[in-house]
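Thanks for coming. I will go through one model, starting with a term and then moving from helices to sheet to pocket.

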Amino acid sequence: MGSEGPSAITVHVTGFKKFHGVSENPTETIVSNLRSYMQKNGLPKDLVLGSCTVLEAAGLGALDSLYKMLESSVSDPDAKNNGQIIWLHLGVNSGAMRFAIENQAVNEATFRCPDELGWKPQKVSIIESDGCILRARETSFPVNEMAKALSGMGYDVAPSDDAGRFVCNYVYYHSLRFAEQHGIKSLFVHVPLFLTICEETQMQFVASLLELLPSLN
């Protein structure tokens, strides 16, 4: 890789605001502080940190804003011509003890509680045209290889095939479908609460993940 434009990778990162049962979402803090953290610690060569967006923890009611955000990454001709585009989505699993790199999302919305806009679907297809709720979409990233590499750096992380059926899975499913349609990439990572893994370690983990992406692209 040289300094040529086409070799650049632009990574857009999202997190979520608080939701029922999680009064402080660690991903809101991570995403809000990520740009200054990476400026201080240095970005990997040929990697550009694009948008850093904190999403409403909602499904259907937040769909328009989700797609406007996704489309913004491919609507700019300069961005599209400048190399690979990656969407990195971060969500919290409040019961988790480790990081989880999600391999897939399924076409099912079954919310255990209402989202932040009051929607509580049960066994609903996320995208009707995709067929039944058992349909799964997988990321193009090698999640097993990623988890192994990050484990080798000292992080407690594992691959996962179950992103749940709540807002995280809902957003990931839409993002994976959008990525496939537009020739870009999408990845979702679940993080624990800061009580389980402290903020500094979680910031370091996301930075290490960003450093890893160019080698897997």
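A crossing of two helices is called left-handed if the near helix is turned anticlockwise from the far one by less than a right angle, and right-handed if clockwise. Helices (H or I, at least four residues) and strands (E, at least two) are DSSP runs, numbered from the N terminus. What you see is a predicted model, where local features need pLDDT of at least 70 and side-chain atom pairs count only at pLDDT 80 or more, while totals for chains, interfaces and linings use all residues. Residues are numbered from 1 along each chain as its sequence is written, and side-chain values use heavy atoms, with hydrogens and water left out.

Helix α1, residues 26-41, passes α6 in a right-handed crossing. Their axes come within 10 Å and cross at roughly 65 degrees; axes are lines fitted to C-alpha atoms, for helices over the stretch in contact, and angles run from 0 to 180 degrees between N-to-C directions. Contact means heavy atoms within 4.5 Å. Among the residues that meet are Ile 30, Leu 34 and Tyr 37 in α1 and Met 203, Val 206 and Leu 210 in α6.

Next, the sheet. Six strands form an open, mixed sheet in the order β2-β1-β3-β10-β4-β9. Two strands pair if DSSP finds at least two bridges between them. β2 and β9 are at the edges with a single partner strand each, so one side of each has no neighbour in the sheet. On average, neighbouring strands are turned by 25 degrees against each other, direction ignored. β4 and β9 run parallel and are joined by four bridges, and Phe 99 stands opposite Val 157 in β9.

Which strands does α1 touch as it packs on the sheet? They are β1, β2, β3 and β10, and the direction of α1 makes about 150 degrees with that of β2. Helix α2, residues 63-75, also packs on the sheet, touching β1, β2 and β3.

α2 has a helix partner too. The axes of α2 and α5 come within 11 Å and cross at roughly 35 degrees, and this crossing is right-handed. Leu 66, Leu 70 and Val 74 of α2 are among the residues making the contact, as are Tyr 170, Val 171 and Phe 178 of α5.

Last, the pocket. The largest pocket is lined by 15 residues, with Val 92, Asn 93, Arg 112, Ala 163 and His 190 nearest its centre. On a 1 Å grid over the protein atoms alone, a pocket is an open set of points where a 1.4 Å probe fits, with protein on both sides within 12 Å along at least five of seven lines; lining residues have an atom within 4 Å of a point. Helix α5 gives the largest share of the lining, three residues.
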